[in-house]
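Please look through the sequence and the structure shown below.

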Amino acid sequence: MPEAVPPAPAAILAAMPITLTINGRERRLSVEPWVTLLDLLREREDLTGTKKGCDHGQCGACTVLVDGRRINSCLKLAVSLDGASITTIEGLADGSRLDPLQQAFMDHDAFQCGYCTPGQICSAKGLLNENQAPTRQEVQELMSGNLCRCGAYTNIVDAIMEVLEARGEARAASAEAAR
Amino acid sequence: MNPFSFTRPTTVPDALRAVVRPGGRFLAGGTNLIDLMKENVERPSALVDINRLGLDAIEDLPGGGLRLGALATNADTARDARVAKRYPLLASAILAGASPQLRNAATNGGNLNQRTRCYYFYDNTTACNKRNPGTGCGAIGGVNRIHAILGASASCIATHPSDMCVALAVLNATIRVTGPQGEREIPFGEYHRLPGDTPQRDNTLHPGELVTAIDLPAEDFSAHHTYLKLRDRLSYAFALVSVAVALRMEGDRIAEARIALGGVAHKPWRVPDAEQALAGQPASAESFARAADLLLRGAQGQGHNDFKIGLAHRAIRRALRQAAAGTPQSQTDKRVA
């Protein structure tokens with residue numbers, strides 16, 4: 001592919017004003033177009049709970065919620081989200097009271113090194129919002145976008161199933177045959 | 001990532017005007033384009049964000065079809081009650097692809113226009129006629145386990161990576177586009193193209209054209225269909241071979257058959273002879289094997305991917321059995337249905 005014609009300098013140097021609600025706080029920001037949501041959160045907002053794993057949408061460590069839906073923040077330009085509401089791992093607890101998923105991950109020992117954990121928990125939060133995974137097998141399939149190289153998968157699914165059961169939303173695997 | 005300018009128009013005419021500058025590209029979900037920009041494979045000088053054009057609706061069409069907005073996400077499309085009920089093959093294929101996070105961001109138009117995942121295309125230090133025309137093909141004679149067995153050329157053996165598109169091919173979808181020369185419709189089979197000696201062109205869009213919607217005809221294959229995807233692990237991997245089948249049955253006989261293969265060519269692969277050979281035939285191991293023979297006529301391995309020919313033959317026969325029996329492959333329970 002031939003080298004693209006470079007745009008006029010004025011066009012590329014301009015940071016753009018955007019407004020994001022991050023963990024409930026409205027933030028007015030000036031952001032260059034090529035800054036990803038992940039880099040904005042970590043480098044400018046000092047929210048380093050969201051992790052940079054592969055930076056290519058393959059590992060899920062950067063998963064956050066945008067308007068309640070889980071996405072890979074490494075593949076989203078911050079400027080394209082103007083007006084959106086972002087929830088990161090730092091925004092899940094209510095003061096000192098942990099989100100039920102955070103508590104369940106601790107109770108079930110659902111991590112070893114912890115690097116993938118913020119993405120796992122945000123992904124699980126999105127999974128609960130989607131209301132599509134009442135069985136263990138469905139939870140496994142719909143958490144496949146989050147890799148854990150320590151191999152804590154079994155306990156991660158246990159933790160999520162406990163929260164689903166507490167909400168009265170879990171279903172036994174035997175019901176899957178009817179689907 | 002190279003610097004670029006960014007605009008966010010709110011009307012289609014404004015978007016078409018904004019993209020005409022040299023190096024201009026539309027940005028939808030970004031799950032493929034942003035990744036390729038990080039790899040310096042795509043180097044747009046101007047991004048035109050099309051997420052606020054109002055093209056994200058899913059609407060009933062007169063006569064019973066369904067219009068999928070180009071900017072509707074893959075997740076919203078697969079979970080749409082009308083898609084799930086009337087086009088379960090499409091819902092199944094979408095849910096077989098990527099991860100929930102990616103499906104929440106990726107759009108229908110972006111799914112059509114995603115680039116190959118050929119390792120050489122992604123690696124700027126290697127030869128690739130698709131990325132840099134005229135430099136050669138690193139995959140031919142290189143590492144080519146994931147590459148094409150059908151429709152390849154001496155210039156390119158890349159595959160189209162989509163699952164969704166394999167179902168759209170079978171459903172005879174129509175792509176609606178608009179551009180500087182106005183609106184037009186492209187039959188799905190004419191949208192993607194074979195590499196020939198111009199592999200840099202993935203599809204038949206003209207410069208500056210924008211996909212606005214995907215129209216699905218009213219035909220109902222919900223009783224006899226399947227999407228079978230075979231890959232190196234059970235979830236979250238691209239297909240080595242996939243098969244979409246839709247059948248219209250009359251008793252034990254096949255009245256109409258449609259079959260498309262994914263993961264094996266530069267576009268979803270359909271063979272009219274194979275489909276016609278099944279029409280009027282009983283659903284039997286013999287008729288399925290004959291169809292598989294015809295679908296794979298001319299298949300050629302590149303060395304590491306030779307296994308795909310046998311794998312595809314078995315996958316076609318299994319998918320036809322599943323569709324005829326009305327037992328489509330679950331995308332959650334990966335056991336043989």
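Arg86(B) has a relative accessibility of 24% and therefore counts as partly exposed, where buried means under 20% relative accessible area, exposed over 50% and partly exposed in between, computed with a 1.4 Å probe on protein chains only. This is a predicted model, in which local features need pLDDT of at least 70 and side-chain atom pairs count only at pLDDT 80 or more, while totals for chains, interfaces and linings use all residues. Residues are numbered from 1 along each chain as its sequence is written, chains are lettered from A and ligands numbered from 1 in the order in which they are written, and side-chain values use heavy atoms, with hydrogens and water left out.

**Salt bridges within chain B**

- The side chain of Arg86(B) meets that of Asp60(B) in a salt bridge with an N to O distance of 2.9 Å, the term standing for a side-chain nitrogen of Lys or Arg within 4 Å of a carboxyl oxygen of Asp or Glu.
- Because Arg86(B) lies in helix α4 (residues 81-86) of chain B and Asp60(B) in strand β4 (residues 58-60) of chain B, the pair ties together parts that are 26 residues apart in sequence; helices (H or I, at least four residues) and strands (E, at least two) are DSSP runs, numbered from the N terminus.
- Asp60(B), with a relative accessibility of 44%, counts as partly exposed.
- Another salt bridge joins the side chains of Arg176(B) and Glu183(B) at 3.6 Å, N to O; Arg176(B) is buried, with a relative accessible area of 18%, whereas Glu183(B) is exposed, with a relative accessible area of 63%.
- A network of salt bridges links Arg25(B), Glu42(B), Arg115(B), Lys130(B) and Asp202(B).
- Over all chains, a search of the whole structure finds 36 salt bridges.

**Interface of chain A and chain B**

- The contact, meaning heavy atoms within 4.5 Å, takes 41 residues from chain A and 46 residues from chain B.
- About 3,600 Å² is buried between chain A and chain B, with 51% of it on carbon and sulfur atoms; buried area is the accessible area (1.4 Å probe) that two parts lose on being put together, summed over both.
- The rule finds four salt bridges across this interface, and Arg8(B) forms a salt bridge with Asp82(A), where the closest N and O atoms are 3.0 Å apart.
- The side of chain A that touches chain B receives two or more residues from each of α1 (9-13), β4 (69-72), α4 (117-130) and α5 (136-142) of chain A.
- Asp55(A) forms a salt bridge with Lys38(B), with the closest N and O atoms 2.8 Å apart.
- This pair crosses between chains, from the loop between α2 (37-44) and β3 of chain A, which holds Asp55(A), to helix α2 (residues 33-38) of chain B, which holds Lys38(B); both Asp55(A) and Lys38(B) are buried.

**Domains of chain A**

- The domain assignment, which is automatic or taken from a database, gives domain 1 (9-91) and domain 2 (100-169) of chain A, and their C-alpha centres lie 23 Å apart.
- In domain 1 of chain A, 15 residues are in contact with 17 residues of domain 2 of chain A, and the area buried between these domains is about 1,300 Å², of which carbon and sulfur atoms give 54%.
- The rule finds one salt bridge across this domain interface, and Glu130(A) forms a salt bridge with Arg70(A), the closest N and O atoms being 2.8 Å apart.
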